[in-house]
Amino acid sequence: MSVERPLPDPADTAAGQVVQAPAGPLVLGGDLGGTSTRIVIADSEGNVVGRGAAAGGNPTSHPASAAANFGQALHIAVTGLDPATVRAAVVGMAGGVALARPDVAAQFEAAWTGAGLTVPPRYIGDLEVAFASGTPEPDGTVLIAGTGSNAGLMRNHELVRMAGGHGWLLGDDGSGFWLGREAVRSALKTLDLREPLGPLGQSVVLAILPERTAESIAQGEGYDTLRDDLVRTVNGRPPVMLAELAPAVIAAYAAGDETAQALVKRAAELLTETAARLQTTSDTGPMVLAGSVAGESSPVGQLIRKFFDGDVRTARDGVSGATWLALDRLDPALATEQTHSRLVLS
């Protein structure tokens with residue numbers, strides 16, 4: 001018979017501290033993203049007993065650092081616990097296809113066993129984790145819009161079709177990267193025309209070239225030099241860093257900048273079009289939105305919600321979905337609406 005226990009305070013478990021000695025087998029959920037790596041360990045009732053966090057990393061582009069951060073988060077999460085009591089584990093990640101490479105798989109295996117874990121983890125995509133975080137329903141559609149963007153059709157908690165997710169060079173339409181790139185392109189076009197930069201263009205220049213001053217930019221001095229400096233600096237950095245300009249677009253949107261408003265509208269249209277490639281007339285499940293660009297407070301996310309008819313839900317924490325799927329892996333009877341709510345709210 002299970003014993004009711006109070007939910008742990010996330011602050012008490014932020015560094016892997018155990019709130020209460022768990023009884024019975026444990027499960028582990030992981031969410032490896034480009035900006036952060038998060039691990040949660042829970043008991044069979046969905047009570048969180050350990051947490052770990054570290055910097056992010058994509059195993060495709062940065063396998064060594066991604067594996068190192070994974071190991072760091074695992075070590076923090078298992079502090080004070082017996083790793084052998086973890087009997088099921090599900091880890092979601094973007095760029096997980098890289099684990100097909102033996103050298104990358106070996107680095108992640110070393111991080112896993114180095115934390116004392118013995119059960120083999122199941123690695124799945126970020127779409128499956130996001131969908132499970134947003135709903136306990138088995139079927140539906142999920143759309144992720146953060147640094148990148150992609151959409152998936154889910155059947156029985158598994159991804160059966162995908163749209164988008166082609167990466168920054170070939171796609172990521174409507175994503176944070178897309179917003180940043182389009183903002184820079186807009187600024188460069190304005191400079192080519194030797195016209196004054198608007199609020200968004202000025203924010204872009206200040207973010208990329210912090211040595212400039214708002215006064216000099218507003219005065220329109222040195223169009224050609226400014227354009228060349230922007231092009232050189234952007235091309236000298238990793239392309240994904242353009243996503244860091246997305247907040248500037250959102251801020252300019254709120255301030256009434258026409259260019260930013262057009263970009264936000266177009267981003268929402270592109271994301272909606274991506275998800276629409278998967279929808280059929282027989283779909284009855286919810287649409288789950290995930291990622292900062294598709295969030296409830298984002299104007300892009302707000303427009304997307306207006307475009308969609310039906311049940312739209314929000315995935316706020318990918319690691320909770322992975323942990324709930326780990327419960328299902330341990331025993332499908334444990335993956336209930338109650339344990340889902342407990343994990344999502346913890």
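**Notes on the predicted model**

1. Quick inventory to begin with: the chain carries 13 helices and ten strands. Bear in mind that this is a predicted model.

2. On overall dimensions, the C-alpha atoms occupy a box of roughly 75 × 45 × 40 Å along the principal axes. The radius of gyration is 22 Å; a compact globule with 346 residues would come out near 20 Å, so the chain agrees with that expectation.

3. As for the interior, 48% of the 346 residues are buried. Looking at contacts with a separation of 6 or more, 66% of them link residues 24 or more positions apart.

4. Now the sheet. Five strands form an open sheet in the order β8-β7-β6-β9-β10, and the pairing is mixed. β8 (158–164) and β10 (312–315) sit at the edges with a single partner strand each, so one side of each has no neighbour in the sheet. On average, neighbouring strands here are turned by 25 degrees against each other, ignoring direction.

5. Within that sheet, have a look at β6 (residues 140–145) and β7 (residues 149–155): they run antiparallel and are joined by six bridges. If you want a pair to check by eye, T141 has L153 in β7 as its bridge partner.

6. Last, a helix pair. α5 (residues 176–192) packs against α6 (residues 199–208) at about 110 degrees, with the axes 9 Å apart. An angle of 65 to 115 degrees counts as roughly perpendicular, and α5 and α6 are therefore described that way. On the α5 side the contact uses A183, V184 and A187, which meet L200, G201, V204 and I208 of α6. That makes six nonpolar residues, one polar and no charged.

Conventions: Residues numbered from 1 in each chain as written. Predicted model: local features only at pLDDT ≥ 70, side-chain atom pairs only at ≥ 80, totals over all residues. Heavy atoms only, no water. Pairing = 2+ DSSP bridges. Helix = DSSP H or I, 4+ residues; strand = E, 2+ residues; numbered from the N terminus. Axes fitted to C-alpha atoms, helices over the stretch in contact; angles between N-to-C directions. Parallel < 35°, antiparallel > 145°, perpendicular 65-115°, else oblique. Contact = heavy atoms within 4.5 Å. Nonpolar A, V, L, I, M, F, W, Y, C, P; charged D, E, K, R; others polar. Rg over C-alpha atoms; globule rule 2.2 N^0.38 Å. Buried < 20%, exposed > 50% of the residue type's maximum accessible area, 1.4 Å probe, protein only.
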